[in-house]
Amino acid sequence: VCSSDLKLTNKRKTKNSILISLGGSDKRNISLKIIRSFQRHKTKFYATIIIGKFFAQRKSIIKIVKNDKRFVIIQNNTDLISLMGKHSVGMFTFGITVLEAFHVGLPCIVISHSKENDAFAKITTRHDCMKYLGYYKEIDFNKLPAIVFSFLNNKDLCKRYSLHGKDRKS
């Protein structure tokens, strides 16, 4: 999945920028919950939302963010790695994308969409390489922006997660 030639600059391009990718279909509609929670927040931020080709809520997401310049929608992206270098943090469901972010040193905030992934994410968290929020049904999405901005403002933690993520070999 991750090639050894994948590189990411140490300096992120945009402050308070969040890359959000929740898989190819997001059957649990986690993307909508994240977008709605951030729309109510006044902090300046920039979010790129990746919509996979099997998203059932594609039209709803596009309609909701249409007039909100803080959000950019990218559909059917084939090069997530290059987008990682343009953001301060990634917000992903636990899976391959998290491992790619580790490889390139992008600090991650992770949500699980299944109990199985919840168990694996908890094990991975022991390596001090990501901010794990838990199983999506147990997350208070109203508190999500405050958690994310607190994480972004903790430069030492972001750096530590970036370094520890890069050290992960599996």
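**Figure 1. An open, parallel sheet of 6 strands in the predicted model**. The strand order is S3-S2-S1-S4-S5-S6. Pairing is parallel. Strand S3 (71-75) and strand S6 (131-135) stand at the edges. Each of these two has a single partner strand, so one of its sides is left without a neighbour in the sheet. From one strand to the next, the twist averages 15°.

**Figure 2. The pairing of S5 with S6**. Strand S5 spans residues 108-112. S5 and S6 run in the parallel sense and are joined over 4 bridges. Ser112 has its bridge partner in S6: Tyr135.

**Figure 3. Helix H2 lies across strands S2 and S3**. H2 covers residues 58-65, and S2 covers 46-51. The helix runs at about 155° to S3.

**Figure 4. Packing of H1 against H2**. Helix H1 comprises residues 30-39. The axes of H1 and H2 are 10 Å apart, and the packing angle is about 10°. An angle under 35 degrees counts as roughly parallel, which makes H1 roughly parallel to H2. From H1, the contact draws on Ser31, Leu32, Ile35, Arg36 and Gln39. Their counterparts in H2 are Ser60, Ile61, Ile64 and Val65. Sorted by class, the contact of H1 with H2 has 5 nonpolar, 3 polar and 1 charged residues.

**Figure 5. Packing of H1 against H6**. Here the axes are 8 Å apart, at an angle of about 80°. H1 is therefore roughly perpendicular to H6. H1 contributes Ile34, Ser37 and Phe38 to the contact. H6 contributes Leu144, Pro145, Val148 and Phe149. The class count for H1 with H6 is 6 nonpolar, 1 polar and no charged residues.

**Figure 6. The crossing of H6 and H7**. Helix H6 runs over residues 144-153 and helix H7 over residues 155-167. Their axes come within 5 Å and cross at roughly 85°. This angle makes H6 roughly perpendicular to H7. On the H6 side, Phe151, Leu152 and Asn153 take part in the contact. On the H7 side, Lys155, Leu157, Cys158 and Tyr161 meet them. By class, the contact of H6 with H7 has 5 nonpolar residues, 1 polar and 1 charged.

**Figure 7. The aromatic pair Phe45 and Phe71**. A search of the whole structure finds 6 aromatic pairs. One of them, Phe45 with Phe71, is edge-to-face. The ring centres are 5.5 Å apart, with 80° between the planes. Phe45 lies in the loop between H1 and S2, whereas Phe71 lies in strand S3. The pair therefore ties together parts that are 26 residues apart in sequence.

**Figure 8. Residues 1-12 and model confidence**. The protein has a mean pLDDT of 89. Of its residues, 91% reach 70 or more. Over residues 1-12, pLDDT stays under 50. For this stretch the model has 24 contacts beyond four places in sequence. Where pLDDT is low, predicted coordinates should not be read in detail.

Definitions and conventions: Residues are numbered from 1 along each chain as its sequence is written. This is a predicted model: local features need pLDDT of at least 70, side-chain atom pairs count only at pLDDT 80 or more; totals for chains, interfaces and linings use all residues. Side-chain values use heavy atoms; hydrogens and water are left out. Two strands pair if DSSP finds at least two bridges between them. Axes are lines fitted to C-alpha atoms, for helices over the stretch in contact, and angles run from 0 to 180 degrees between N-to-C directions. Contact means heavy atoms within 4.5 Å. Angles under 35 degrees count as roughly parallel, over 145 as roughly antiparallel, 65 to 115 as roughly perpendicular and the rest as oblique. Ala, Val, Leu, Ile, Met, Phe, Trp, Tyr, Cys and Pro count as nonpolar, Asp, Glu, Lys and Arg as charged, and the others, Gly among them, as polar. pLDDT is the predictor's confidence in each residue, from 0 to 100. Rings of Phe, Tyr and Trp (its six-membered ring) pair if their centres lie within 6.5 Å; planes under 30 degrees apart count as stacked, over 60 as edge-to-face and the rest as tilted.
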